Amino acid sequence: MGSAPDSFAPILLQLLLGVGFSALILTLAFLLNPKKKSKPQDTFECGVTYYGDARGLFNIKFYLVAVLFILFDIEAVFLYPWAVNLISFKEAGLGTFFLLEMFFFLLILVVGLYYIWKKGALEWD
């Protein structure tokens with residue numbers, strides 16, 4: 001029969017691997033990026049001339065969908081280690097608590113999805 005702190009080891013390992021990989025990628029990007037010594041002459045570094053007013057209206061639905069993708073991607077990241085360790089939590093006597101906790105987490109996500117669906121954020125014009 002396992003104890004609850006032993007069951008958190010895979011979750012902690014996944015967290016450490018994620019933070020370590022992110023730090024490694026950011027460090028490599030900082031060290032390997034091209035160093036520019038002069039400021040760009042144009043407004044945009046890509047060389048494309050701008051047009052219109054910077055204060056113009058634009059459709060933000062793409063950004064809402066991108067944020068939703070990140071939200072539900074993070075949900076999957078939380079569900080995987082939880083599902084792997086649920087049996088050991090049950091053996092430690094915490095199975096019902098962690099099951100109800102995950103149902104509450106999913107309920108919050110479903111309510112959020114329903115809200116943005118009713119607001120029309122998922123409809124493309």
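Let me start with a definition: rings of Phe, Tyr and Trp count as a pair if their centres lie within 6.5 Å, and a pair with planes over 60 degrees apart is called edge-to-face. Keep that in mind, everyone, and remember also that what we are looking at is a predicted model.

So, how many aromatic pairs does that rule give us? The count comes to three. Let's take one of them, F78 with F105. Their ring centres are 6.0 Å apart and their planes sit at 85 degrees, so this pair is edge-to-face. Now look at where the two residues sit. F78 belongs to helix 3 and F105 to helix 4, so the pair ties together parts that are 27 residues apart in sequence. As for accessibility, F78 has a relative value of 49% and counts as partly exposed. F105, at 24%, is partly exposed as well.

Here is another pair, F97 with F98. The centres of these rings are 5.3 Å apart and the planes are at 75 degrees, so this one is edge-to-face too.

You'll find F8 in the loop between helix 1, residues 4-7, and helix 2, residues 9-32. With a relative accessible area of 37%, F8 is partly exposed. Which residues does F8 contact, once we leave aside neighbours within four places in sequence? They are F89 and F98. F8 and P81 are 73 residues apart along the chain, yet 9.1 Å separates their C-alpha atoms.

Let's step back to the whole chain. There are four helices and zero strands, so if you read along the sequence you get the pattern α-α-α-α. Of the 125 residues, 13% are buried. And if you take the contacts between residues at least 6 apart in sequence, 72% of them join residues at least 24 apart.

In the model, residues 12-32 are 100% helix, with end C-alpha atoms 30 Å apart. Residues 62-83 are 100% helix too, and there the end C-alpha atoms lie 31 Å apart.

Which residues of helix 4 are buried? They are G95, F98, M102, L109 and I116. Here is a rule to hold next to that list: an α-helix has 3.6 residues a turn, so residues three or four places apart point the same way. Part of what covers the buried residues of helix 4 is helix 3.

I'll finish with E75, which is found in helix 3, residues 61-91. E75 is buried but has no salt bridge. How far away is the nearest side chain of opposite charge? That is K118, 20 Å away. Not counting residues up to four places away in sequence, E75 touches F105, L106 and L109. And F105, you'll recall, is the partner of F78 in that edge-to-face pair.

Conventions. Residues are numbered from 1 along each chain as its sequence is written. This is a predicted model: local features need pLDDT of at least 70, side-chain atom pairs count only at pLDDT 80 or more; totals for chains, interfaces and linings use all residues. Side-chain values use heavy atoms; hydrogens and water are left out. Helices (H or I, at least four residues) and strands (E, at least two) are DSSP runs, numbered from the N terminus. Buried means under 20% relative accessible area, exposed over 50%, partly exposed in between (1.4 Å probe, protein chains only). Lys and Arg count as positive and Asp and Glu as negative; His and the chain ends are not counted. A salt bridge is a side-chain nitrogen of Lys or Arg within 4 Å of a carboxyl oxygen of Asp or Glu. Contact means heavy atoms within 4.5 Å. Rings of Phe, Tyr and Trp (its six-membered ring) pair if their centres lie within 6.5 Å; planes under 30 degrees apart count as stacked, over 60 as edge-to-face and the rest as tilted.
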